[in-house]
Amino acid sequence: MNTKKFFLNENEMPQYWYNIVADMPVKPLPPLHPGTREPITPDMLSPLFPDELIRQELTDERFVKIPDAVLEKYKIYRPSPLIRATELEKALNTDCRIYYKYEGGSPSGSHKPNTAIPQAYYNAQAGVKKITTETGAGQWGTALSFACAQYGIECEVYMVKASYEQKPYRKIMMNTFGAKVHPSPSDRTEAGRNFLAHNPQTGGSLGMAISEAIEMAVQDEHTKYSLGSVLNHVLLHQTVIGEEAIKQFDLAQDSPDVIIAPLGGGSNFAGLAFPFLREKLTGGGSQRFVAVEPASCPKLTKGEFMYDFGDTQGYTPLLPMYTLGHNFEPASIHAGGLRYHGASVLCSQLLKDRLIEAASVDQLECFAAGSIFAKAEGIIPAPESNHAIAQVLREVEQAREEGKQKTILFNLSGHGFVDMMAYADYHDGKLQEHELTRAEIQASLKEIKELQPAAVSEI
Ligand SMILES: *Cc1c(COP(=O)(O)O)cnc(C)c1O
């Protein structure tokens, strides 16, 4: 009989996060100061982050020790199970072995607390009293609210206005964990007032909410800012997922041929994929790694690799990444966590060097795949996670056509219990396909071209 679940004991949890920079054949380009176009220095980041997170952001050491105090908090919901999707395999009538790492059992119902907890911990160590942040659909805000509650830090969340209005439950979760939540753009910040003057009807975007949260943080010395994805230290913390999965595959006496995860900024993809990619980079192997994005926000498959801001107002350093342009306002699809204009520097460089692949899927295909998974395995996935499942189904079909068998691993990055309106819209036939045209993308990228530093014009 097949074993379905692979559990680790708490004392088998990974003791280190993995930093892929150490093993990248081409190192990532440095973030640049927008004024001077020179590489940023650690002191430029200190209004935003505590020293240890800045160190982790810039380090190239291979392994970073997970503090014992953080491991204690991880034990609230980790280790997470690796599950063989036996019932999905039967439903698809496939010889492929399909496994998923289930990150939905955490306090926020996704992988996001894996970084929220250490970020809150290092801020608490540095004596920080309050953390500001942005949230799209509310997943990140929920995770950080919980983490701040663990350390007695105040948490202030700028939530994309469209989600604030459509998804009241996430706001209530954040409030329950003790956070204050403001719809963004708001009139509380200069950036917010600027966005509203420009378009009073705007539903907001992650880029706008980031600008607001940063502006609030830099004004007060006891307040710092926190980002839920994209940055190197965030990806670093998420590698606890893949490190656990490697141990669990040892228990399963199996190994994945293809590793799949949804990509918004890149953190859960990196978290699952990078430890396996280390094995490939250092030991050889033929595993494939596929990051899956929405067809309506296709930075990896249709964006361009260049320097761009991480936020709409232009407060962040310039980051070398695949982007659709920081002014890009993604269509309001249901996978709120994937509606971000850029991708992390690390994922972008790895894609450029063809060490990972990217695919895009529209929301109808995603929800169809998610529904098949839900019926078979009994977990209703987050709309973001449905992107990975859609790609799993494509891989299974491809294997069938080629007469091959393969082992597939994907990240079930979260459950969809707070996303029932998205499923309702799907059942009622209200979801629309939305694919971005080349012309729309070119228009959005036009002004970004001016930001490119002369010295790295060959990128
Ligand atoms: C936020 C989120 C994502 C996308 O963010 P990444 O940083 O790319 O991981 C994916 N799935 C879920 C459930 C999320 O909450």
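**Terms first**

I count a residue as buried when its relative accessible area is under 20%, as exposed when it is over 50%, and as partly exposed in between, with a 1.4 Å probe and protein chains only. I take helices (H or I, at least four residues) and strands (E, at least two) as DSSP runs, numbered from the N terminus. This is a predicted model, in which local features need pLDDT of at least 70 and side-chain atom pairs count only at pLDDT 80 or more, while totals for chains, interfaces and linings use all residues. Residues are numbered from 1 along each chain as its sequence is written, and side-chain values use heavy atoms, with hydrogens and water left out.

**Entry 1: the whole protein**

I began with the overall make-up. I found 19 helices and 15 strands in the protein. The radius of gyration, taken over C-alpha atoms, is set against a globule rule of 2.2 Å times the number of residues to the power 0.38. The protein comes to 20 Å, close to the 23 Å that the rule gives for 459 residues, so it is as compact as a globular protein of that length. Along the principal axes, the C-alpha atoms fill a box of roughly 60 × 50 × 50 Å. I noted that 62% of the 459 residues count as buried.

Next I looked at contacts, meaning heavy atoms within 4.5 Å. Among contacts between residues at least 6 apart in sequence, 76% join residues at least 24 apart.

**Entry 2: the open sheet**

I traced an open sheet of 7 strands. Its order is β1-β4-β5-β15-β10-β11-β14, and the pairing is mixed. β1 (5–6) and β14 (357–361) are the edge strands; each has a single partner strand, so one side of each lacks a neighbour in the sheet. Two strands pair here if DSSP finds at least two bridges between them.

I followed β1 to its partner. It runs antiparallel to β4 (residues 82–84), with 2 bridges joining them. Lysine 5 stands opposite isoleucine 83 of β4.

Then I moved to β10 and β11. These run parallel and are joined by 5 bridges. Proline 262 faces valine 292 in β11. Is β11 enclosed or open? I found 6 of its 7 residues buried, so β11 is largely enclosed by the rest of the structure.

**Entry 3: helix α16**

I checked the length of α16 (residues 363–377). Its 15 residues reach 20 Å from first C-alpha to last, close to the 21 Å expected at 1.5 Å a residue. The expected span is 1.5 Å times one less than the number of residues. Its buried residues include Phe367, Gly370, Phe373 and Ala374.

What caps the N-terminal end of α16? I found aspartate 362 there, with a side-chain oxygen 2.8 Å from the backbone nitrogen of leucine 364. After α16 comes glycine 378, with a positive phi near 85 degrees.

I looked up isoleucine 54 in helix α2 (residues 51–58). At 5% relative accessibility, isoleucine 54 counts as buried. Beyond neighbours within four places in sequence, isoleucine 54 contacts Pro42, Leu45, Ser46 and Phe49. Its C-alpha is 9.6 Å from that of asparagine 232, which is 178 residues apart along the chain.

Serine 226 sits in the loop between β9 (223–225) and α11 (232–238). I noted 0% relative accessibility for serine 226, so it counts as buried. Its side chain makes a polar contact with the side chain of glutamine 119 at 2.7 Å. A polar contact is a pair of N or O atoms within 3.5 Å; within protein, one must be able to donate a hydrogen and the other to accept it, and residues adjacent in sequence count only if both atoms are side-chain atoms.

Most residues other than glycine have a negative phi, and most peptide bonds are trans. I looked for exceptions. A cis peptide bond joins arginine 78 and proline 79, with omega about -5 degrees. Another joins serine 184 and proline 185, with omega about 5 degrees.

Glutamine 253 has a positive phi of about 50 degrees, and is exposed with a relative accessible area of 74%. Arginine 354 has a positive phi near 60 degrees, and at 76% relative accessibility counts as exposed.
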